[in-house]
Amino acid sequence: MSLLAVFGWFEATPIGRFGRESKVFFPAVEVVHLLGLTLLLGAVLFVNLKLLGLTSPRRRASEVARAARPLLWTAAAVTLSSGLLLFLTEAVKCYFNVAFWYKMTLLVAALGFQLAVELRITARPAELAHARLTAVVSLGLWFGVGIAGRAIAFV
Amino acid sequence: MTILDLCHRLQDSAFGTALLESRYWWLIIESVHVLSLSMSVGMLFIADLRLIGKFRRHEPVSDVLGELRPWMLSGFALMFVSGGLLFWSEAATVFISPWFKLKMLFLALAGANALLFEWRRGRQPALWGTLDLPAGAQLAGWTSLGCWTAVILLGRWIAYAHT
């Protein structure tokens, strides 16, 4: 079974079919996706500004990152699940969209990197080494996901 | 001259037309508008969550708001400039959309809420170091969350209604 056939199967799921038939499903879910992304990138910015040394001079980076954790992952869950619903309604279109593949690659990298940073903070809560580099990579990956996502509609 | 006439003149101006026709620049500006949401509304949501006591509750409000403020304001500056340019390029088209008018209404409400909050906060500075906030401040947080959610929703809807 080719990957394209798998994507075709996604589109044929009841959710995928419902999404294409309904006029409000896609816009409504996309608004949720946009709200989730606003909060997710907001939380990512919030943590990384601290890692760059630009905010919270009195608090340690690991404390700020821990404080933002529930917010960041809740927002990520909202964005990912709404994104999955959007994907189901137009999987085949996504298959042929180059920006979609850039976005997915960046998304996997961003999620993996975020998890690695969280694990490191949990393991050694004292202080984060290479904080600035971590922040630059994290911001690059997450905003890359956003830009590639926006580009899906343009290419 | 009505506001709609003014919108037509804006949209038909050399700059407005050039912007709309240069798809490349238009898409870049639109992406800046969408992604700067994270810096403006995203950061503001974090501040609102502090006001309603759902985030960083054990830190003084003034600390949380103080460190977010410059970033948030830069985000809103980016948002308004990019939004203004987008409006310039299709002023008359969006002006007739009821969704656009509703968006502007919620934007004005959000702005009034923020101004009222700043004004009250300035008058009661002693309150703002405390962990739990008076009901008025919590209400300001909820109002802000609600208004900005509506602004984002309606903003997205303008584009859907118009295609």
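Helices (DSSP runs of H or I, at least four residues) and strands (runs of E, at least two) are numbered here from the N terminus. On this basis, the elements of chain A run α-α-α-α-α-α-α from the N terminus on, which amounts to seven helices and zero strands. The structure is a predicted model, in which local features need pLDDT of at least 70 and side-chain atom pairs count only at pLDDT 80 or more, whereas totals for chains, interfaces and linings use all residues. Residues are numbered from 1 along each chain as its sequence is written, and chains are lettered from A and ligands numbered from 1 in the order in which they are written.

The C-alpha atoms of chain A fill a box of roughly 55 × 30 × 30 Å along the principal axes. Of the 155 residues in chain A, 34% are buried, a residue being called buried if 20 or more other C-beta atoms, placed from the backbone, lie within 10 Å of its own, exposed if 12 or fewer do, and partly exposed in between. Contacts, defined by C-beta atoms, placed from the backbone, that lie within 7 Å, join residues at least 24 apart in 83% of the cases in chain A where the partners are at least 6 apart in sequence.

Chain B comprises eight helices and zero strands, and its elements follow the order α-α-α-α-α-α-α-α from the N terminus. Its C-alpha trace spans about 55 × 30 × 25 Å along the principal axes, and 29% of the 163 residues of chain B count as buried. In chain B, residues 24 or more positions apart account for 84% of the contacts with a separation of 6 or more.

Two packed helices are described by the angle between their axes and the distance between the axes. Axes are taken as lines fitted to C-alpha atoms, for helices over the stretch in contact, and angles run from 0 to 180 degrees between N-to-C directions. Angles under 35 degrees count as roughly parallel, over 145 as roughly antiparallel, 65 to 115 as roughly perpendicular and the rest as oblique.

Within chain A, the axes of α3(A) and α7(A) come within 8 Å and cross at roughly 165 degrees, which makes α3(A) roughly antiparallel to α7(A). The crossing of α3(A) past α7(A) is left-handed, a term used if the near helix is turned anticlockwise from the far one by less than a right angle, with right-handed used if clockwise. Residues of α3(A) that make this contact include Leu37(A), Leu41(A) and Val44(A), and those of α7(A) include Ala135(A), Leu139(A) and Trp142(A). By class, this contact of α3(A) with α7(A) has eight nonpolar, four polar and one charged residue, where Ala, Val, Leu, Ile, Met, Phe, Trp, Tyr, Cys and Pro count as nonpolar, Asp, Glu, Lys and Arg as charged, and the others, Gly among them, as polar. Helix α3(A) also packs against α4(A), at an angle of about 155 degrees with the axes 8 Å apart, and the two helices are therefore roughly antiparallel to each other. Here too α3(A) passes α4(A) in a left-handed crossing, and the contact of α3(A) with α4(A) divides into 22 nonpolar, six polar and two charged residues.

In chain B, the axes of α2 (residues 14-21) and α5 (residues 61-89) come within 7 Å and cross at roughly 100 degrees, so that α2(B) and α5(B) are roughly perpendicular to each other. The contact is made by Phe15(B), Gly16(B), Leu19(B) and Leu20(B) of α2(B), together with Leu85(B), Trp88(B) and Ser89(B) of α5(B). Arg56(B), found in the loop between α4 and α5 of chain B, has a phi near 50 degrees, a positive value in a residue other than glycine. Arg56(B) counts as buried because it has 20 C-beta neighbours inside 10 Å.

The contact between the chains takes 21 residues from chain A and 22 residues from chain B. On the side of chain A that touches chain B, the largest share, 12 residues, comes from α3(A).

Conventions. Contact = placed C-beta atoms within 7 Å.
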